[in-house]
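I am keeping these notes while I look through one structure. Each entry says what I looked up and what I found.

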Amino acid sequence: MTGVDLRAVRAALHGVLDPELRRPIDELGMLADVTADSGLVTVRVLLTIAGCPLRSTIDADVRAALTGVPGVDAVAVELDVMSPQQRQELRERLRPERGIPFSRPDSLTKVFAVASGKGGVGKSSVTVNLACELASRGLRVGIVDADVHGFSVPALIGATGTPTRVDEMILPPVAHGVKVISIGMFVARNQPVAWRGPMLHRALEQFLADVYFGDLDVLFLDLPPGTGDVAISVSQLLPSAQLLVVTTPQAAAADVAERAGTVSAQTGQTVAGVIENMSGLTLPDGTVMEVFGTGGGQRVADRLSASLGVPVELLGTVPLDVALREGGDAGTPIVLSSPSSPAAVALKAVADRLATQPRGLAGRSLGVTPVG
Ligand SMILES: Nc1ncnc2c1ncn2[C@@H]1O[C@H](COP(=O)(O)OP(=O)(O)OP(=O)(O)O)[C@@H](O)[C@H]1O
């Protein structure tokens, strides 16, 4: 008679999630052994790889889970490493099928490819804020930073971890509840990536096929600015991805943003809507300064509606806001760091609209000409 009910211990340990896979460690085959000797419970956990960067998190989570379980006076956590056979079993359990899970016809993940005509309009800032907002509402969210030449997502969202490789499967770091993968995590700091079309296509394909995101409700792809190779690769690899076009209020920016949106006419993708960023800045005296002019977002939405032949809506206008820039610099997006600021409120309203948008054919240019 140990005084410890091992069933209660195991039930408590079911609440321990692998920090990267976000699934209970017992379901992943990581809980090797649980024994009790008087009040001492020994838990042996199998890590996916020897140098698992999150071993201290798992150790702490196991101890926390057993706090308060009747009869448990002390906990010993032994961390061991999976054998190649166990790793293969894990991989097969997680990803029984090869290929890109989000391109399967039965995939329930909404995929938004965030595009802009030119750089610096706040495309990445909008992406990370929408992702964090949806994750904070309990949705399972991922980001692929496909802006291979100007990757900025990891810094903006504070994803400081490195991806863990389990054989050919890559586990993405998680920041603010969002799974994030970026080419920036695989190259030395500030190293430029000089890749051309075919390399970019392969990198994106590998991110989508080999990175384990699990079941996602929403996946954001942060595209490079313009209408280049990556946008075309996305349409081939993820035909159901919907475009989100980000522009500033400025007429010149709106013109190039419209071109980024009209790519969808050639690729048959849906445009989920337009987001105007860097709209009026409210000054301390309450007046609004239209630094980049007005109306660019609505102009892009109207012109895309006309050229695609389906309604494309302006989903929101996000004002210039110092707190947004500060949140990005600190790696805590403004929807989390300053949720009642004007820019955060605007971004949350856009998130509302994305969350309720059905994943379907609405707004899709069908590429067929009606007869009669
Ligand atoms: N609404 C805003 N108010 C204040 N600053 C903003 C706003 N939107 C973006 N910024 C700032 O502008 C800069 C550029 O933003 P961001 O990196 O998101 O643009 P981008 O369009 O993704 O750029 P690139 O195409 O070069 O990747 C960042 O420093 C960001 O903090």
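**Entry 1: histidine 201.** I looked up the contacts of histidine 201, setting aside its neighbours within four places in sequence, and found Asp229 and Ser233. The model I am reading is predicted. Histidine 201 sits in helix α6, which covers residues 197-210. From histidine 201 to serine 233 I count 32 residues along the sequence, while their C-alpha atoms are 5.8 Å apart in space.

**Entry 2: two positive phi angles.** I then looked for positive phi values in residues other than glycine. Arginine 22 has a phi near 60° and is not a glycine. I found arginine 22 in the loop that runs between α1 (6-13) and β1 (31-37). With 16 other C-beta atoms within 10 Å, arginine 22 is partly exposed.

Methionine 278 is not a glycine either, and its phi is positive at about 65°. Methionine 278 belongs to a strand, β12, made of residues 270-279. Where arginine 22 is partly exposed, methionine 278 is buried, because 25 other C-beta atoms lie within 10 Å.

**Entry 3: around the ligand.** How many residues surround the ligand? I noted 21, and the closest are Gly119, Gly122, Lys123, Ser124 and Ser125. Elements that each give at least two residues to this shell are α4 (123-136), β12 and α10 (322-330). By class, the shell holds seven nonpolar, 10 polar and four charged residues.

**Entry 4: helix pairs.** I went on to helices that pack against each other. Two packed helices are described by the angle between their axes and the distance between the axes.

I took α4 with α12 (residues 342-356), where the axes are 9 Å apart and the angle is about 65°. That angle makes α4 roughly perpendicular to α12. The crossing of α4 past α12 is right-handed. On the α4 side I listed Asn129, Leu130, Glu133 and Leu134, which meet Leu347, Lys348, Val350, Ala351, Leu354 and Ala355 of α12. This contact of α4 with α12 has seven nonpolar residues, one polar and two charged.

For α8 (residues 251-267) and α9 (residues 296-308), the axes come within 9 Å and cross at roughly 30°. I therefore wrote down α8 as roughly parallel to α9, since the angle is under 35 degrees. The crossing of α8 past α9 is again noted as right-handed. Among the residues of α8 in this contact are Ala251, Ala254, Gly261 and Ala265, and those of α9 include Gly296, Val300, Leu304 and Leu308. The classes in the contact of α8 with α9 are eight nonpolar, five polar and three charged.

My last pair was α1 with α2 (residues 55-66), whose axes come within 9 Å and cross at roughly 130°. This makes α1 oblique to α2. I recorded a right-handed crossing for α1 past α2. Val9, Ala12 and Leu13 of α1 make the contact with Val62, Ala65 and Leu66 of α2. Which classes occur in the contact of α1 with α2? I found six nonpolar residues, no polar and no charged ones.

Definitions and conventions. Residues are numbered from 1 along each chain as its sequence is written. This is a predicted model: local features need pLDDT of at least 70, side-chain atom pairs count only at pLDDT 80 or more; totals for chains, interfaces and linings use all residues. Helices (H or I, at least four residues) and strands (E, at least two) are DSSP runs, numbered from the N terminus. A residue is buried if 20 or more other C-beta atoms lie within 10 Å of its own, exposed if 12 or fewer, and partly exposed in between; C-beta atoms are placed from the backbone. Axes are lines fitted to C-alpha atoms, for helices over the stretch in contact, and angles run from 0 to 180 degrees between N-to-C directions. Angles under 35 degrees count as roughly parallel, over 145 as roughly antiparallel, 65 to 115 as roughly perpendicular and the rest as oblique. A crossing is left-handed if the near helix is turned anticlockwise from the far one by less than a right angle, and right-handed if clockwise. Two residues are in contact if their C-beta atoms, placed from the backbone, lie within 7 Å. Ala, Val, Leu, Ile, Met, Phe, Trp, Tyr, Cys and Pro count as nonpolar, Asp, Glu, Lys and Arg as charged, and the others, Gly among them, as polar. A residue is near a molecule or strand if its C-beta atom, placed from the backbone, lies within 6 Å of it.
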